[in-house]
Every structure is written in C-alpha cells, then in structure tokens.
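The entries below follow the order in which I went through the model.

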Amino acid sequence: MNSGKARKLYVEYSGALAYVEVESLSGDLSIGSAFHVGEGVFVTARHVVDGRQITEVCMTERQDIPLSEDEKERATGYVADGEKIVPVRRVDNGVLRLKSGPFFHSDPLVDVAVFQVWKVDPDTSVVPLGSHLDDWLGQSDFVLTEAVILGYPPIPMTKSPALVGARAEVNAQVDLYDAPHVHFILSVTARGGFSGGVAFSEYGFALGLVTRSLIANGAASDSGYMSVLTIEPIYQCLAQHKMLPALQAESWDGLWNTVELYFTGPEFPPDLSLGVEMTASIAVFDDGKLQYLQISCDNDARVYEEATQAVQDALGRRELKVEEVRPGMCKVHIERTDGTASAAALSAGQSLSRLLMGHGYRPIRFSPGANDLLPPDCRKR
C-alpha cells in the first residue's frame, strides 16, 4: 500500500476512533481503543473494559466532511481542494457520555466488547465491517496484503492521548489454542493501547479488532506478535445485544438477528432426512427494533394454514401484522411495545414446532440458537 492510500484511509476513518480510559479495582488508570460502527455503538476488546470502570470515552480527531452545493447551508467552514473551495461541515465529538454497556460476547474466550454512547454527531465516520466470515476464509487469503492500524497506544511525555496510525503487513492467518475464531498476525509492534483498535485492510474495510500481543515465557508485550481478531465475532456480539447498526446489517438479509429451524416433511423416510429437500421452516427475527416470526410450509397448504392460524391465536390478533412473502410463506410481525415480543415469538415458534412434528415433520437443520425453537422435551442435547 502506498503512502497516499494509507493516508486516505487515515483521513477517512480517524474520526471513527476513540480512546477508552478505564479504572481498575485498585484505582489504576489505563487506556485502550474503540471504533465506531454506527448509531453511537463502539467495538473494543473485552480485556480493555472487563473488570474495570469506564471513566472517559473521547474522540480526539476532528473531521471536515465535504458537502455538495445542495448541502452548503449545513456548512461550518470551507477548505481548498485544488483550485476549488469546498463547503465542509466539521465533526468534533470530543468527550462522549456512556449510554449502555459494556457488553461482552457470550463466549468468555472471545475478546470482544461493545458499548453505546449518547448523541454522536450523525456525520461521524463509521468503520465498515468486512464480509470475510470464518467459513469463507481460505488458509491464507489476506497473507502479504497490507493494513492500516489505528489506536491509542500511550506515548511517553505527551500531555493527552493521541491517535496513532501505522502501516502493516499481514504476516500470517492462524488459529489459537486458547481462543476461537481466526486471528491475523500483523507486522506492527504490539503496544498496550492499540488493544480495541481497528486494523483496516488495504481493500477498504475492517480486517478485524486489535486484541493482544502473542508472547511466550513472560516476554515483554511489545516483543510479541500483534494479533487481530477477525470480524465474525464482532457481528455476533453486536447481534447478541441487539446493537447491530442498520448500516452494518443491511447487506446480510437479516442473518445476524435470525434463528431458523428447518424441517423435512413426512414423505421422506427418517434415514434420508439429511440432504433431502427442506419442506418447512420456522424463523424468528429480532434486532431490538423489529420482531417477526416467519413460517414456511411449501408442500402442504392445509398444514400451512393451520400453522398461520395457530400463531395468530397464540400471539393475539390485534398485536400482529401478517405479511405474505409468497405462496406458502408469511411473516407475522409482532407489534408489542412492552419488551415481550422476542419471548412471545420463541414461545410461538415452539408451539409451531410441536404442531409440525405432530404432522410427521422432522427438524433437520439448525441455525445458531435455533434449538430454542423446539419444545424443551424435543431439544438436541
């Protein structure tokens, strides 16, 4: 990556970084890094905030956002761009106020945490998460590509935290014995405040989250390898806590906030249940803002009608909006405002599972969490 491209990434996304000052139980202060993924939601490393109190979150970098002529009434200043004078709007968040969190990934071995702050400027930069999920990665897909690291390692003799940018090379793609998910090894010197920062791929999206220095035999941390955790557990953590911003979710067609259970019909013998055509499914979507239960039953109109009727009876017709997706599939939107919509959808899903199994259908494929859509006495152990 040439200096111009690295500089462009820095200029575009430096305004998405924040330092996180924390206080330990013994009263010691330290800092780590965090990056903005939209809607005031930040991602950091779990070890930065776990067992510590967040005392300050601050975005140190001001950004001038270029505006079009139609937007120039929003301008707070003008900058020169070659021979042109361009209207800009300055974004300067400064110290932020914590709204909720930090929340951790459900697996304690995964070094990811998320939190949300109040009143982030709507023009604040958003770090685009990539689409390189674990199962889609080859053994060395990003090796010898380049990256830009952004974070807040403490710099001796400075008056306040300063954002540090570093160019790096991806040296390896590894699996660790004490932590799940893919990790990338980068050529940058590992330093203590980079934890929670972001590694940008040269392709313009987040390669992952800076976690820890890999060392052996008690060596100094800056003598180890910088490790970067890939993005799949970031999506998981955001979705688990209903904090996945719409901008990050829009290209995934509901994947991260959906649990789905697939069935095969009674016409298929039990010993052929895997690999046969799926004839029914139940899915529950819940992103914290929208909740619906989706029913699909393609080959039996009578069972499909019975299933949709059962859901409406179970949930209360006045609280529902039924959307026909196609023949044999509908979404039942749950319009409750008392915080019970998700639990109600799972309960209705269990009733539907029992109904389908009563008609000879068998569950054959589960998305993560879909075991909850089975009645307790039918769940996989």
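The entries start with the ground rules, then turn to aromatic rings, and end with a strand.

**Ground rules.** I am working with a predicted model, in which local features need pLDDT of at least 70 and side-chain atom pairs count only at pLDDT 80 or more, while totals for chains, interfaces and linings use all residues. Residues are numbered from 1 along each chain as its sequence is written, and side-chain values use heavy atoms, with hydrogens and water left out.

**Aromatic pairs.** I searched the whole structure and found 12 aromatic pairs, counting rings of Phe, Tyr and Trp (its six-membered ring) with centres within 6.5 Å, and calling planes under 30 degrees apart stacked, over 60 edge-to-face and the rest tilted. Phe142 and Phe184 have ring centres 5.6 Å apart and planes at 80 degrees, so I noted the pair as edge-to-face. This pair links distant parts of the chain, 42 residues apart, since Phe142 lies in the loop between strand E10 (113-117) and strand E11 (146-151) and Phe184 in strand E13 (residues 179-189); helices (H or I, at least four residues) and strands (E, at least two) are DSSP runs numbered from the N terminus. Both Phe142 and Phe184 are buried, where buried means under 20% relative accessible area, exposed over 50% and partly exposed in between, with a 1.4 Å probe and protein chains only.

I then looked up Tyr235 and Trp256, whose ring centres are 4.8 Å apart with planes at 5 degrees, so the pair is stacked. Tyr235 belongs to helix H3 (residues 232-240), and Trp256, 21 residues away, to the loop between helix H4 (246-249) and strand E17 (258-264). Tyr235 is buried at a relative accessible area of 1%, and Trp256 is buried at 16%.

**Strand E19.** Is strand E19 (residues 291-297) enclosed or open? Seven of its seven residues are buried, so the strand is largely enclosed by the rest of the structure. Gln291, Leu293, Ile295 and Cys297 are buried on one side, and Tyr292, Gln294 and Ser296 on the other.

I next checked its partners, taking two strands as paired if DSSP finds at least two bridges between them. Strand E18 (residues 280-286) pairs with E19 in the antiparallel sense over seven bridges, with Val284 opposite Leu293. E18 and E19 form a hairpin with four residues between them, and Gly288 in that turn has a positive phi of about 90 degrees. E19 also pairs in the antiparallel sense with strand E21 (residues 329-334), over five bridges, and there Lys331 is the bridge partner of Gln294.
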